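User: Hi there! I have just opened this one and would like a walk through it.

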Amino acid sequence: METGQSNNGNERCIISKDSSWFSQFRNASNPWMARYVYALFFLVANLLAWVARDYGRGALTEMERLKGCNGGKDCLGAEGVLRVSLGCFIFYIIMFLSTAGTSKLNVTRDAWHSGWWSVKIVLWIAMTVIPFLLPSEFIQVYGEVAHFGAGVFLLIQLVSIIRFITWLNECCESEKYAARCQIHVMFFATTAYVICLVGIILMYIWYAPKPSCLLNIFFITWSLVLLQLMTSVSLHPKVNAGILTPGLMGLYVVFLCWCAIRSEPAGENCIRKSDSATKTDWLSIISFVVAILAIVIATFSTGIDSKCFQFRKDDTPAEDDVPYGYGFFHFVFATGAMYFAMLLIGWNSHHSMRKWTIDVGWTSTWVRIINEWLAVCLYLWILVAPILWKNRYAGSA
């Protein structure tokens, strides 16, 4: 038996190294390729949810189980999004439960993650159809739970981004790259700060044209204050974290502030886009398509970054170790299914959403703002925590 298993493993290794990409895909020997298929499933689910919201009302009203929706004329569209999201969530939760804990290649769960695509396509279709047979009350409960799941996704994404920024800074400050990266660090840090300042100035011009736009003025000004706070803490002699990380974090903070203000309802006088809010132009369509692709890319990149939650570093992985955490990968996609549902319904199942819009409404605005503030708090904690723990142990000793 052991010899047979060893031979099967060797055959898979040979297929993985020497065969074409199609053979690797067919023989379930390439987990790196498998992740793109899962991302494709996720993209199709996003598009189905959008179709259900913008064009599915006529079809959904023919289903008796959906006629009891109590959210008004736009509730059916929101329910369609939640039903597609629920099916996508169940699919990835099944994959999470069946692959969590996989650590080695050439085992059964590795083959299940990287192959069996005909079975998974049938499973994905079934999970997409079944939620449309469930009563509306169950879907509304899922919509409330999805708020929490979407928050978990944002938190995971936030940790992944901060860990990437700190990792990049550590690489540049390491003995191996410190000399050659010094000029690059100064260039990228300066560029980041210039973009941040230009972005803040443009937001003042575009979204705070009048003194009465107090909320937007507060959002923009507070973002500037947070940028200054991150820079001051990072450059403090006891922290000495350099100038690159606060510059990159500043880009992320300014971007979140811009997204938050852009999510404000189009009828607000402080948003210049309100002049064309009643019609859909090519810019709105392009922005919507880019937003959908950004959701898929963000979920994909976060899903393969399982190391951001590993507290124990393993510098010498074995050759037969899995290249990324399968369970974490599917868990991120499961929470991402809840996240795209919240974006398409504006975090409110009773909120009216125009066609070709995404993440619009006051709830969306405050979610972005809170995410911005949480990002700064988490970044500052990463900088300060080692000093606090060091002082605590020194005091106790």
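**Loops, helices and cores**

Analyst: Let me start with Asp359, which is buried, with a relative accessible area of 7%. Buried means under 20% relative accessible area, exposed over 50%, and partly exposed in between, with a 1.4 Å probe and protein chains only.

User: Before we go on, what kind of model is this?

Analyst: It is a predicted model, where local features need pLDDT of at least 70 and side-chain atom pairs count only at pLDDT 80 or more, while totals for chains, interfaces and linings use all residues. Residues are numbered from 1 along each chain as its sequence is written, and side-chain values use heavy atoms, with hydrogens and water left out.

User: Thanks. Where does Asp359 sit?

Analyst: Asp359 is in the loop between H13 and helix H14 (362-396). Helices (H or I, at least four residues) and strands (E, at least two) are DSSP runs, numbered from the N terminus. The phi of Asp359 is near 60 degrees, a positive value in a residue other than glycine. Most residues other than glycine have a negative phi.

User: Which other residue has a positive phi without being glycine?

Analyst: Asn240, with phi near 50 degrees. Asn240 belongs to the loop between helix H10 (214-234) and H11, and at 57% relative accessible area Asn240 is exposed.

User: Let's zoom out. How many helices and strands does the chain have?

Analyst: The chain has 14 helices and zero strands. Of its 397 residues, 46% are buried. Among contacts between residues at least 6 apart in sequence, 77% join residues at least 24 apart. Contact here means heavy atoms within 4.5 Å.

User: I keep looking at H8 and H13. At what angle do they pack?

Analyst: H8 (residues 136-173) and H13 (residues 326-344) pack at about 120 degrees, with their axes 7 Å apart. Axes are lines fitted to C-alpha atoms, for helices over the stretch in contact, and angles run from 0 to 180 degrees between N-to-C directions. The two helices are therefore oblique to each other. For the cut-offs, angles under 35 degrees count as roughly parallel, over 145 as roughly antiparallel, 65 to 115 as roughly perpendicular and the rest as oblique.

User: Which residues of H8 and H13 meet there?

Analyst: On the H8 side they include Tyr142, Phe153 and Leu154, and on the H13 side they include Phe328, Thr335 and Met342. By class, the contact of H8 with H13 has 14 nonpolar, five polar and no charged residues. Ala, Val, Leu, Ile, Met, Phe, Trp, Tyr, Cys and Pro count as nonpolar, Asp, Glu, Lys and Arg as charged, and the others, Gly among them, as polar.

User: And Phe148, where is that one?

Analyst: Phe148 lies in H8, and at 63% relative accessibility Phe148 counts as exposed.

User: How do H8 and H11 pack?

Analyst: H8 and H11 (residues 244-262) pack at about 150 degrees, with axes 9 Å apart, so they are roughly antiparallel to each other.

User: What about H3 and H13?

Analyst: Their angle is about 15 degrees, with axes 11 Å apart. That makes H3 roughly parallel to H13. Among the H3 residues that meet H13 are Arg35, Phe42 and Trp50.

User: New topic: how many residues are in the largest nonpolar core?

Analyst: The largest nonpolar core has 59 residues, and those with the most contacts inside it are Tyr38, Phe42, Phe91, Tyr92 and Phe340. A nonpolar core is a set of buried Ala, Val, Leu, Ile, Met, Phe, Trp, Tyr and Cys residues joined through side-chain atoms within 4.5 Å.

User: Which helix gives this core its largest share?

Analyst: H13 does, with 14 residues. Apart from this core lies another, of 30 residues, among them Ile200, Val239, Cys257 and Ala260.

User: One last thing: what does Phe42 contact?

Analyst: Leaving aside neighbours within four places in sequence, Phe42 is in contact with residues including Cys88, Tyr92, Ile295, Phe333 and Phe340.
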